[in-house]
Amino acid sequence: MFSPVRPAAAVACLITLSFPPSAWAQDGTPARETAPAIESIAAADLRADLFFLAGDEMRGRLAGSPEGRLASAFIKSRFERLGLTPAAPGGSYYHNFNVVQTEVGEDNGLVVQYADGLRISKERGQEFYPLRESGSGAAGGQVVFAGFGISAPELGHDDYGGGVAGKVVLILDHEPEETDPESAFDGLVTSEASAAYRKLTAAQKAGAVAALLVTDVHNHPDPGNFTADAAGYWPETPRRGGRYTLESRLNRIRIPAVRISTALAENLVAGTGRTLAELARGAEAEGGTAPVSLPGLEVMVSADVRREVHTARNVVGLIEGSDPELKDEWVIICAHFDHDGAEGGVIYNGADDDGSGTVALIEIAEAYVEAARMGRGPRRSVLLAAWDFEEKGLLGAWAYAENPLQPLEQTVAVLNMDMIGRNEEVVVGGGRRFRGLDIQSSESNDNAINILGTTRSDDLLSEVQRANGEIGLDLRFRYDNHPIQLLRRSDHWPFMQVGVPALFYHTGLHPDYHRQDDIPERINYEKLERVVRLVYQTSWSLAQRPSGPATISMR
């Protein structure tokens, strides 16, 4: 519930006062303490905010749009009114970062020169096309097959082995052991190591001058229509909202990089006496594969990828901790405020995705302020963060993880809320959005919430279970190692990649997911209230405990 307004300075002062720590048992286990002001989190307040944030006038809050900027301004105004401390540089509530849109230029080419002097120029869109992550420029040389193109020292995996300096590398997409639940590469979840920009960065670091990416035909049958794939990758009419990536990522990549057809790749590897599928099978070797030279040819690559830079902004407000020894440690509570925008008269309101998490963030901020007014502030500091550009690749959260406002070693945990206002529902014929999920009714999930990330931290599992004691939701822990990829599809994921314990609160996918019927009228506000109280209670316990939760290493 929103309390009467006080001057921001007065509220901020209240938040930083020193309050008695929570009670802890002699054995170090937390006493059962209800978070102060938890009853202030109310369905009516959540509903009022969500009908504004996900109303038609907000036009779906597309990242980079005027409505997206208005959404961030709305969140900032609420943080400011509550008296949260501006957490970004310069005393701002806006944590700025740059994103890039790319478009293909005219100077793209690929030439194969054979030992007998024959030179064949390949046609863009038929046999190759430049990657969005590519640097612009030209380079060439002998070609080596470098497996999946992954360098992951922490996993003892390296596909380069010192043999690619000055060479053009041919690498596979995807990753080894991707269908193995026990894979070191995050089990069934697609690992970060397989991302194209990471592979290109690794190839460049190993000394490669250019990169050719091709389908892993051992695990993925050739789709057989490379022309259609190329047209979809660089469409004549850009997709709604466009594609973006972080400027900081693209600035690291200087080498030209293109995707090539499997037919062209088969031609390039012919001199090895092995097929592309045989080489791909060998790339599954534990620890990586040794680079294989492709004799009898050289390849020259030129790429022309043009970049347009835009400024984006997260919204960040801090509840300052009261304990002199713990206040420099932060708990982050977060959600994303962008969605899919509008197309003509069709509005993708995004009430559940992720208006529900955003209004929850505001309500939790109000509860912390109310707790301070009661004389009970958190021992650790709590950062309330609303991320931008989530729908474009978790870019706001990645920007923070790469440029944090407080050292990540002092970030105790991240609690992320994304789609917390409905019931999970998977219907027959739901399509690829629900691939791998069991058919289930909304009624069967009426009191359920999915908690992801607990397999990476036993401490966080215990905390969320303890927090749920008086709330009584049906906690389900089923999606951490699952082909639906939910674990990597929201803003907790970047933090897990840098070793910060993180939880993802998610009431589940449903038929209105990324559809125009994801509207405020369909939110279950009574359930949303209970979920928000669960997150607040978990965060409170984390902010009070003597030590932060431990993390289990990523697989």
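A: Axes are lines fitted to C-alpha atoms, for helices over the stretch in contact, and angles run from 0 to 180 degrees between N-to-C directions. Helices (H or I, at least four residues) and strands (E, at least two) are DSSP runs, numbered from the N terminus. This is a predicted model, in which local features need pLDDT of at least 70, side-chain atom pairs count only at pLDDT 80 or more, and totals for chains, interfaces and linings use all residues. Residues are numbered from 1 along each chain as its sequence is written, and side-chain values use heavy atoms, with hydrogens and water left out.

Q: At what angle do α2 and α13 cross?

A: Two packed helices are described by the angle between their axes and the distance between the axes. Here the axes of α2 and α13 cross at roughly 105 degrees and come within 9 Å. The two helices are therefore roughly perpendicular (under 35 degrees is roughly parallel, over 145 roughly antiparallel, 65 to 115 roughly perpendicular, and the rest oblique). Ala-43, Leu-46, Arg-47, Leu-50 and Phe-51 of α2 make the contact with Tyr-525, Glu-526, Leu-528, Glu-529 and Val-532 of α13, where contact means heavy atoms within 4.5 Å.

Q: Which residues of α2 are buried?

A: Buried means under 20% relative accessible area, exposed over 50%, and partly exposed in between (1.4 Å probe, protein chains only). In α2 (residues 43–53), the buried residues are Ala-43, Leu-46, Asp-49, Leu-50 and Leu-53. They cover an arc of only 135 degrees around the axis, which puts them on the same side of α2; the arc is that of the directions from the helix axis to the C-beta atoms. Ala-44 and Ala-48 are exposed, on the face turned away from the buried side of α2. The buried residues of α2 pack against α3 (66–82), α9 (351–373) and α13.

Q: How are α11 and α13 packed?

A: The axes of α11 (residues 458–467) and α13 (residues 525–544) lie 9 Å apart, at an angle of about 125 degrees. These helices are therefore oblique to each other. On the α11 side, Leu-460, Glu-463, Val-464 and Ala-467 make the contact, and on the α13 side Leu-534, Gln-537, Thr-538, Ser-541 and Leu-542.

Q: Is Ser-261 buried or exposed?

A: Ser-261 counts as buried because its relative accessibility is 6%. This serine is found in the loop between β12 (257–260) and α7 (262–269). Leaving aside neighbours within four places in sequence, Ser-261 is in contact with Gln-126, Glu-127, Val-214 and Phe-226.
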